[in-house]
Amino acid sequence: MKSSKLFRSLLVLPFLAASCGASAHAQTADVPLAARDGQVTLPYAEQKFRGNVGTTYLNADPAEFPAPIKAPEGAPNVLLVLLDDVGFGQFDVTGGGVPSPALDELAKEGLTFTRFHTTALCSPTRAALLTGRNHNVAGTGVITELATGYDGYTGVIPKDTASFAEILRQNGYVTAWIGKNHNTPIYETSAAGPFDHWPNGLGFDYFYGFMAGDTNQIRPYLFENQTPIGTPDKEGYYLSTDLADHTIDWLKRLEAIQPEKPWFAYLAPAATHAPHQAPKELIAKFKGKFDMGWDAYREQTFKRQKERGIIPADTELTPRPASLPAWDSLNADQKRLYSRMMEVFAAYGEQVDHEVGRVLDYVKTLPDADNTMIIYIVGDNGASAEGGFDGTLNENAFFNQYLMKTEDMIDRIDEIGTELHFNHFPAGWAWAVDTPFQWTKQVASHLGGVRNPMIVKWPARFRKGGEMRTQFLHVIDIAPTILDAAHIPEPRSVNGTAQTPIQGKSFLSVLDDAKAEEVRTSQYFEMFVNRGMYDKGWWAASLAFEPWDPVRGEFDPMKAKWELYNLDEDFSQAKDLAAKNPDKLEELKALWWAEASKNKALPLDWRGAERFSAEGTGKPNLAAGRDSFTYEGVLAGLPESSAPDLKNKSFSVTAKVKIKENANGMIFTQGGNTGGWAFYLKDGQLKAVHNYIDVAVYSVESDSAVPAGEHELKMEFAYEGGKEMGKSGSITLSIDGKAVGSGTIAKTTPFKYSLSENQDVGTDTGTAVTSDYKAPFDFQGELEKVVVELQK
């Protein structure tokens, strides 16, 4: 690619480009910084005609159209893949028990990084990845649902931390984001927007995926750009396959229309985040493969990791946490249930490996495949322990501070892995697939929460394959590395906003040389007050809460215990040196507080599920301040966070309808099989149902059918819990003002129905609240309007 005259004319003085570039990336041997293309203020000025304008075209200078911005000569395509909730010892590529043939092949062709780090949670890792700044600086100290009003925890990526996708786009790239978006504030995900913080507003020309932290793999609610396209309803559908198809189709269109333009594709599958779902035939392949249990799994994985050189020969296998049971201590039902859950998880993992592998295979066929940089990050944090001790049929139960027991699930064991549940394996398996490290997702203090494998391939730049890289890196280092590879300087201003300097550092030098100096020698970590401080080989760690405990009470971070590790000599964090080296520990503790203050990680907040409440945290809500909501006709796909909050209060739903005999269909629903409400007609009977986090389903129906004609149908819920959360209540059903049925709801969902289900009127776009009907269950008849009224 050659720079246009316009592009060259807009270059800033060389010393400006050099000074900016020095902060963003290391100098490379082939392209000196001062000679790089690009400018440090974006966007580029619009080109104006500078010739003479005559009275007619006959005596005017020849016209010149504004020339499009072209990427720097030799700028590579970039495919960035980010998996979800993956342990270091999960996939076969790093010694785990889940087959990964596509990852294995990529590792043979590229470089495997074994000391790459994330933030211990999804939204924060993704914000840091996209911006090159620490997660708190990027406003995302926690998932968006738990955001608070402090700068480091708003869940809003600030304008002064522009994404590198926006920088690439304004320097001649075409960009796409396909898959999970968990970086838009939850109160901005409805059809009303605003759309500034949607992918299209964050630098991506194209978006296809879902707007949530997780979603049902068989019945997701999807968007294309800013348009909701709903839930696919076809036999054999799986989200991982769909996302791979859309990535390949997008690349095919580019190749057909504008093959000379470089592209950046960000593929973010939902796997292997809960719900763990996969085709039955694939699950059957793993029957009995994990009957050895999690203790033996870790030993087997650890042995493979050493044999393959993935971990140093002197690495020690860290012990099982005291609160987790030994596999041999479990009873027969527990072993049968837990083995089944791991079988499903393995099938889910192999499926996503295959689907991403299809994308990798297609990229190989492109004419410029050699100049395509592939960065495959195998997880945005460690494996998730949010299934609790026994696992769960519903991850959302954990977020509502409820831990399912084996007896709650054993009778439904054959349903695990299907669309009927939002299942999640036990914490013991999460710990196992994080081999050889301690702890899991959420625990930023220990490597089980933050160390993820990464594989990089770029044939045009380096031909080496099958090698390891052991330099310490962090997710913030991805953005400047890609800008460095594209010869694009870090901008000082983007779209009129002065930029906070990128904190990451390019690691291109590491690609060339296995013995290259580390570009990152210091990094702070914090998540739910689990704190870590890395500095020149040393790591100080303070665990606040065990990740499988959803209830978090009083805590004093000033009195919390700290541990100390020398990672240069102790790969797995197995030897606590705090007692032997107290001065070094105090030094790192002081450094952590300084970094936390500088990076907006304060104030510390260890609250759990209660932070889901918009009313409790003051998060904006489109429904806030209103007690009455009127919906005319069908209205689908309204996110729970933008809908009236039905939790822990009395409310009513009134519908004006015109129907025939024995009518069917959804009138109003909020939530799905993870928790929520449904008010509907089934064979003429009026019904109201509450799903209590997939633990119990409470149903009330009319004592007579609703006759044909025009009617006012109503459900009234009277909450009996006062100011307490998740308590009981009673339902009354009425037709045209006459009570026709009543019943008790023994328990209600206290904090959150779902991260991805919606409120629907006249249909059901997600999973069914009850097995009594099958979604989408469109309303049969005329639905004039539905009115929801809240009583506080």
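Q: Where does N758 sit?
A: N758 is in strand β30, residues 758-761. Strands here are DSSP runs of E with at least two residues, helices are runs of H or I with at least four residues, and both are numbered from the N terminus. Bear in mind that this is a predicted model, where local features need pLDDT of at least 70, side-chain atom pairs count only at pLDDT 80 or more, and totals for chains, interfaces and linings use all residues. Residues are numbered from 1 along each chain as its sequence is written, and side-chain values use heavy atoms, with hydrogens and water left out.

Q: Is N758 buried or exposed?
A: Buried, because its relative accessible area is 6%. The cut-offs are under 20% for buried, over 50% for exposed and partly exposed in between, with a 1.4 Å probe and protein chains only.

Q: And which residues does N758 touch?
A: Leaving out residues up to four places away in sequence, N758 touches Y221, G637, L638, P639, T669, Q670, G671 and T765. Contact means heavy atoms within 4.5 Å.

Q: Switching to β5, which strands does it pair with?
A: One is β9 (residues 263-268), parallel to β5 over six bridges. Another is β6 (residues 206-210), also parallel, with five bridges. Two strands pair if DSSP finds at least two bridges between them.

Q: How many β5 residues are buried?
A: Seven of seven, over residues 174-180.

Q: What about helix α14?
A: That helix covers residues 478-485 and is mostly covered too, with eight of its eight residues buried. Among them are P480 and D484. Just after α14, H487 takes a positive phi of about 60 degrees.

Q: OK, zooming out. How many helices and strands are there in the chain?
A: The protein chain has 17 helices and 31 strands. Its radius of gyration is 27 Å, close to the 28 Å that the globule rule gives for 792 residues, so the chain is as compact as a globular protein of that length. That radius is taken over C-alpha atoms, and the rule is 2.2 Å times the number of residues to the power 0.38.

Q: How much of the chain is buried?
A: Of the 792 residues, 64% count as buried.

Q: And what share of the contacts join residues at least 24 apart?
A: 75%, among contacts between residues at least 6 apart in sequence.
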